[in-house]
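Hi everyone, thanks for coming. Have a look at the sequence and the model on the screen, and I'll walk you through a few spots in it.

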Amino acid sequence: MSRLADTRHEARAATGLPRLSDATLGTLPVQVQRPAYDRGATCIGVVHFGPGAFHRAHQAVYLDELLATEPDWAICAVSLHSAGVRDALQPQDGLYTLALLDEPPRLRVIGAIREVLCAPQQRDAVMARLVDPAVRLVTLTITEKGYCLSPDGVDAAHPDIAHDLSAPDAPVSAIGWLVAGLRARRAAGLAPYTMLSCDNLADNGLRLRRAVLDFARRLDPGLAGWIDVEASFPRSMVDSITPASDDALRARVSDELGVEDVWPVQREPYTQWVVEDDFRAGRPAFERAGVVMSGEIAGFDRAKLRLLNAPHSALAYLGSLMGLGTVAEAMGDPTLAGFVERMMRADITPTLALPEGLDADAYIDAILERFRNPAIVHRLSQIAWDGSQKVPVRLLGTIADALAADRPVDRLCLPVAGWLRFVVRQAQAGEALVDPMAEALEGLGRDATGDTDRDIADFLSLDAVFAPLASDPRFVDALQRAYAALGEGDRAAVASALTAASGPQS
């Protein structure tokens with residue numbers, strides 16, 4: 001048993017409650033939703049690598065919706081490293097609780113995971129699942145670093161990839177496991193499974209395809225050719241805020257259930273999953289569970305990036321300067337909330353070519369409602385991390401498109417200036433920045449004098465962030481105006497700048 005599971009076992013023993021399991025499902029309170037199907041009649045058709053909180057709160061819930069009518073799509077969840085999820089869920093027959101952070105909160109027991117494996121400890125069992133003809137879909141939530149990517153495919157110098165290329169029958173990476181399973185299926189005369197990345201990674205299906213083909217080609221060009229022709233790698237986009245599980249959640253869930261759930265998960269009520277319809281080996285009827293099947297994944301990705309992530313950053317930097325702590329608190333300030341909504345509708349939406357089926361006003365309404373949810377404690381200080389990576393893709397791309405269309409960018413520049421004022425405040429207060437460019441940013445922040453022209457010129461020298469916009473006088477002028485409007489970055493100055501920027505711009 002893992003140390004984490006052992007600690008939770010001790011905590012459970014102290015409560016004296018029985019464990020959540022198939023045997024105790026019937027004892028749960030009537031208000032708790034539970035699987036609406038016979039779990040024993042389901043068959044594993046999906047292998048998922050990376051069964052963390054997001055997968056269990058998102059993709060597994062969609063499949064749970066379908067198992068009553070499509071029992072062949074239950075999940076085998078595979079951890080690539082830690083045994084914690086297996087040791088927590090195996091005694092619970094794979095069951096766990098989803099807490100929906102609504103007003104009031106709601107609990108639902110999810111039964112879609114029928115098997116939980118730890119790859120380093122159960123290699124034969126994992127390979128058996130990958131070669132099982134009933135398995136036709138392999139999904140992944142392993143974060144970007146788990147793909148070991150290079151610009152053209154896979155990073156052959158990565159220690160895990162180097163190991164797997166030298167020992168392909170004993171893989172440790174997700175890419176190594178995918179190719180090992182495909183190689184075994186080809187040898188057995190079986191069709192390949194579909195591989196579906198569910199990570200927030202631009203062009204995730206295309207990049208996964210490149211990595212798998214690059215890895216396979218290094219082992220066997222014939223295998224790579226077979227994968228290239230026969231296998232599919234749909235792109236996808238996922239969205240739902242999923243706070244980490246903690247002891248307070250475990251206690252709250254156990255109190256309501258009357259049984260102990262060692263590892264429940266929680267998320268906001270809103271959830272979105274958009275998937276490209278490219279499945280060679282068949283697929284569940286995802287549409288029936290609310291999945292959007294679309295070939296315009298890039299459009300959904302861009303809408304999310306600009307209409308969700310960019311306002312998040314605006315709230316983070318401007319709200320932090322105003323002394324606010326969370327997204328919900330920031331949305332409780334009418335000046336800041338009004339500014340953000342105006343920016344979304346008047347400045348960001350016109351830069352988007354929206355995919356079919358996505359209504360901008362309805363999407364913005366849903367995002368604003370999510371931001372206001374008091375049950376989600378999303379700290380502005382955390383959203384403010386990694387500004388040098390986030391600001392270019394969340395805000396500067398929109399600004400560049402607006403300038404290309406000869407549209408005003410003053411309002412869009414205010415959150416960018418807010419980031420710069422945030423950097424100056426943190427640096428001059430001796431507070432560390434969480435950012436890959438922290439050293440350079442802290443130096444610029446300490447040297448800032450408050451002279452707008454000088455400060456902005458110094459920050460614009462960061463080519464990795466601002467090129468090529470730094471050479472556009474329209475952007476420079478607008479950023480200077482925004483920076484000056486924020487004054488010293490105190491609450492009154494920020495509120496004044498927001499008020500002035502919230503009206504129409506010509």
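Let's start with a term: buried means under 20% relative accessible area, exposed means over 50%, and partly exposed is in between, using a 1.4 Å probe and protein chains only. Also, this is a predicted model, where local features need pLDDT of at least 70, side-chain atom pairs count only at pLDDT 80 or more, and totals for chains, interfaces and linings use all residues. Residues are numbered from 1 along each chain as its sequence is written, and side-chain values use heavy atoms, with hydrogens and water left out.

Okay, salt bridges. By that I mean a side-chain nitrogen of Lys or Arg within 4 Å of a carboxyl oxygen of Asp or Glu. By this rule, the count is 30. One of them joins glutamate 287 and arginine 283, at 2.7 Å from N to O. Arginine 283 counts as partly exposed because its relative accessibility is 22%, and glutamate 287 is partly exposed too, at 42%. Salt bridges that share partners also link Glu341, Arg345, Asp361 and Asp365 into one network.

Next, arginine 218 and aspartate 214, whose side chains form a salt bridge at 3.1 Å, N to O. Both sit in helix H8, residues 204-219, four residues apart, which is about one turn of the helix. By helices I mean DSSP runs of H or I, at least four residues, and strands are E runs of at least two, numbered from the N terminus. So is aspartate 214 buried or exposed? It's buried, because its relative accessible area is 12%. Arginine 218, at 46%, is partly exposed.

Now for a charged residue without a partner. Glutamate 442, in helix H18 (residues 438-447), is buried yet has no salt bridge. The nearest side chain of opposite charge, arginine 446, is 4.3 Å away; here Lys and Arg count as positive, Asp and Glu as negative, and His and the chain ends are not counted. What does the side chain of glutamate 442 reach? The backbone nitrogen of leucine 433, at 3.0 Å.

Over to helix H3, which is mostly covered: seven of its eight residues are buried. Among them are Gln59, Tyr62 and Asp64.

Last stop, leucine 321, in helix H11 (residues 297-321). Leucine 321 counts as buried because its relative accessibility is 6%.

Terms used:
Polar contact = N/O pair within 3.5 Å; in protein donor to acceptor, adjacent residues only side chain to side chain.
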